[in-house]
Amino acid sequence: MYTVSPPQSENELMARAASLSGKSLGQIARQMGILIPPSPRQAKGWAGALMEKYLGATASSLSEPDFQLLGVELKTIPLGRNHLPKESTYVCTVPLNDKRQARWETSNIRRKLACVLWLPIEADKAIPLAQRRIGRALLWRPDREQEAALRQDWQELMDMIRMGELDKISSRHGSYLQIRPKAANAKALTRTVNAAGEADLTLPRGFYLRPAFTRRILQG
């Protein structure tokens, strides 16, 4: 396995991303000396991690954009047989107790979505993992209308959390941005405040972009 130095400019990053277009995950894995998971159960998150290594992402699990020097976040998009996004896209953890993120302008999610490198990847279950191809990369910054819509969803969801209504939030809330539980098991709890204003424990939550939103981005 070899390591890749971080890109020093957006042009360098996009050149690397462009070199992926049309190649299979197996080709990239073999090029980098990375083993291909033997089963779908072991493949969760593998394609995204492979792309991070190939492109030279540096943030790892930190709550910062993947390419820290450039302020660019990397998001792989699994595409179904119809070449449309298959599922919601995870953005970041919901801050249930972080008062520093009480405003959209200073929120982690806004920083994550300020500039995103979208990388579509085939995800049809009929295609073996190693043969799944990588599509054309897209560097995206939200326009005024998109940011306004995201901000409105964020505000409504965060208001419900501040009112102690976290448990009332479902996947139906939010036009483009939604909140969903994000934990490997029911024992991974985090602190929050309930409707009575009392400290409570709950499953961690994550912000996700709906497929309808990412589809609009990819289609331009």
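**Ground rules.** I worked on a predicted model, taking local features only at pLDDT of at least 70 and side-chain atom pairs only at pLDDT 80 or more, while totals for chains, interfaces and linings use all residues. Residues are numbered from 1 along each chain as its sequence is written, and side-chain values use heavy atoms, with hydrogens and water left out.

**Entry 1, the sheet.** I looked up an open sheet of three strands and found the order E2-E8-E5 with antiparallel pairing. Strands (E, at least two residues) and helices (H or I, at least four) are DSSP runs numbered from the N terminus; two strands pair if DSSP finds at least two bridges between them. The edge strands are E2 (89-93) and E5 (177-181), each pairing on one side only. Neighbouring strands are turned by 35° against each other on average, direction ignored. Axes here are lines fitted to C-alpha atoms, for helices over the stretch in contact, and angles run from 0 to 180 degrees between N-to-C directions.

I then took E5 with E8 (residues 205-209): they pair in the antiparallel sense over five bridges. Pro-181 has Arg-205 in E8 as its bridge partner. Helix H5 (residues 144-162) packs on the sheet and touches E5 and E8; contact means heavy atoms within 4.5 Å. The direction of H5 makes about 40° with that of E5.

I searched the whole structure and noted five aromatic pairs. Rings of Phe, Tyr and Trp (its six-membered ring) pair if their centres lie within 6.5 Å; planes under 30 degrees apart are stacked, over 60 edge-to-face, the rest tilted. Trp-140 and Phe-213 are edge-to-face, 6.1 Å centre to centre with 85° between the planes. Trp-140 lies in strand E4 (residues 138-140) and Phe-213 in helix H6, so this pair ties together parts 73 residues apart in sequence. Both Trp-140 and Phe-213 are buried (under 20% relative accessible area; exposed is over 50%, partly exposed in between; 1.4 Å probe, protein chains only). Ring pairs link Trp-118, Trp-140, Tyr-176 and Phe-213 into a cluster.

I placed Thr-214 in helix H6 (residues 211-219). Thr-214 is buried, with a relative accessible area of 1%. Leaving aside neighbours within four places in sequence, I listed its contacts as Ile-77, Pro-85, Thr-89, Trp-118 and Leu-209. A polar atom of the Thr-214 side chain lies 3.1 Å from the backbone oxygen of Pro-211.

Technical notes. A polar contact is a pair of N or O atoms within 3.5 Å; within protein, one must be able to donate a hydrogen and the other to accept it, and residues adjacent in sequence count only if both atoms are side-chain atoms.
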